[in-house]
Amino acid sequence: MDTPLPPPQFPKWQPKQPRPADRDGKAVDATLAALDFCELIDLAAYDRRKGGDTRPVIREPKVKYGRKMCTLLRGGYEALLYVEDVDPGHAALRNDGAVIDLAGVKAYQVESRREGAVSGCAITVPVSFQRAVQFELGFQSRSKDCGLLRDFATAGAAKLPRDLVYPPDAQDSARVGACANWVSTSKGETCDPAVEAQVPSGADAILAAGAADPNVECTVFRDAVKKTFGPEFEPIATPGACYFVEPRHRVQIEAGATANGGAPGDWHADPNGTCKDHRQHSFSGNPGATLRTKDDSGFLMYVSPFGSLGSRGHVRLLISSQRERGIDEWPRSRALPAVDVAKAHAVMELVMATHFRGPR
């Protein structure tokens, strides 16, 4: 009986571009420790927005979990606004928030929506890669308008030292270039903006090159994704995969052309039953399988350039709907739009026709 060939082995690719340096943590700590957070709540902004309510307001300072904060209280109890020093765990919010400009200061805004109605707003002003000052509407505030909060945040950000805030286009995280748009909990240490790479001829050579370097995978898909989904989708290289990302985070694309991993038929069989709608298709004469995630948020395509779904190695495209930057909505429809599924088919057709139409 023939012994199956062992799977191919390729050295694991690692990001190569230099990482940006963060600010000195002790200097940032010292500046924040000396800061009066109540001064960041501008009472003139309140006077412009208070309407007919004449009850007095106070700014109440606190230290919560070792970090400074201040609350704007009306009538002694009604919490209208919070300003606080947020810990590094909030750094991930920069990947969720819409980038906004507070009169020359970079910030991130998230509007909360529940059952279709606006229920809150938070604006995060980064002061280092890991630290930030956050402005948030109080749960007792009658208005949940982000425009209201932006007035307060703009006035408050203007009172922060200039060497503490970032200009609108400045580097405020360890993520380089388009890696800032990757929907991931990574700090960016496993991501590089993709660079053009040589794509060899022949399916075996392409998949071997793709297994060794995700930049090859990105180059295989770059023109097709740009033509079909638009130029706002930029490629990034990560160990084992290429992604195409866009600033609004509505859709994220994973692309691959690799000798690593299983055959397309493995995903079509789906022995663990993780997906649904398993179908077989032909893409420019190459057999492939498509399937969906059970919540309809993802569409997966695996194609064999060797003429058989059982042959090891594959060309893949995975597209998924994401939470749009700046909007925290519940409940959220996760279903991937049908137009994006159609675009995914078009991308795969174009890739297979361009790179894998020749003799096998």
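**Exercise 1. Determine how many disulfides the chain holds and in what pattern they pair.**

Solution. Apply the cut-off first: a disulfide is a pair of cysteine sulfur atoms within 2.5 Å. By this rule the count comes to four disulfides. Counting the bonded cysteines along the chain then gives the pattern 1-2, 3-4, 5-6, 7-8. The model is a predicted one, in which local features need pLDDT of at least 70 and side-chain atom pairs count only at pLDDT 80 or more, while totals for chains, interfaces and linings use all residues. Residues are numbered from 1 along each chain as its sequence is written, and side-chain values use heavy atoms, with hydrogens and water left out.

**Exercise 2. Characterise the disulfide of Cys38 and Cys70: what are its handedness and its placement in the chain?**

Solution. The sulfur atoms of Cys38 and Cys70 are 2.0 Å apart. The torsion about their S-S bond is about 95°, so the link is right-handed. To place the two ends, note that helices (H or I, at least four residues) and strands (E, at least two) are DSSP runs, numbered from the N terminus. Cys38 belongs to the loop between α1 (25-33) and α2 (43-49), and Cys70 to strand β2 (residues 67-74); the pair, 32 residues apart, links distant parts of the chain. For burial the cut-offs are under 20% relative accessible area for buried, over 50% for exposed and partly exposed in between (1.4 Å probe, protein chains only). Cys38, at 9%, is therefore buried, and Cys70 is buried at 0%.

**Exercise 3. Carry out the analysis for Cys179 with Cys191 and for Cys218 with Cys242.**

Solution. Begin with Cys179 and Cys191, whose S to S distance is 2.0 Å. Their S-S torsion is about -85°, so this disulfide is left-handed. Cys179 and Cys191 both lie in the loop between α3 (146-157) and β8 (192-193), so the bond ties together parts that are 12 residues apart in sequence. Both Cys179 and Cys191 are buried.

Next, the sulfur atoms of Cys218 and Cys242 are 2.1 Å apart. With 115° about the S-S bond, this link is right-handed. Cys218 is in helix α5 and Cys242 in strand β10 (residues 241-245), so the pair joins parts 24 residues apart in sequence. Cys218 has a relative accessible area of 0% and is buried; Cys242 also counts as buried, at 0%.

**Exercise 4. Describe the packing of helix α4 against helix α5.**

Solution. Axes are lines fitted to C-alpha atoms, for helices over the stretch in contact, and angles run from 0 to 180 degrees between N-to-C directions. Helix α4 (residues 203-212) and helix α5 (residues 214-229) meet at an angle of about 125°, their axes 5 Å apart. Angles under 35 degrees count as roughly parallel, over 145 as roughly antiparallel, 65 to 115 as roughly perpendicular and the rest as oblique. Therefore α4 and α5 are oblique to each other. With contact meaning heavy atoms within 4.5 Å, α4 contributes Ile206, Ala209, Gly210 and Ala212, and α5 contributes Pro214, Val216, Glu217 and Val220.
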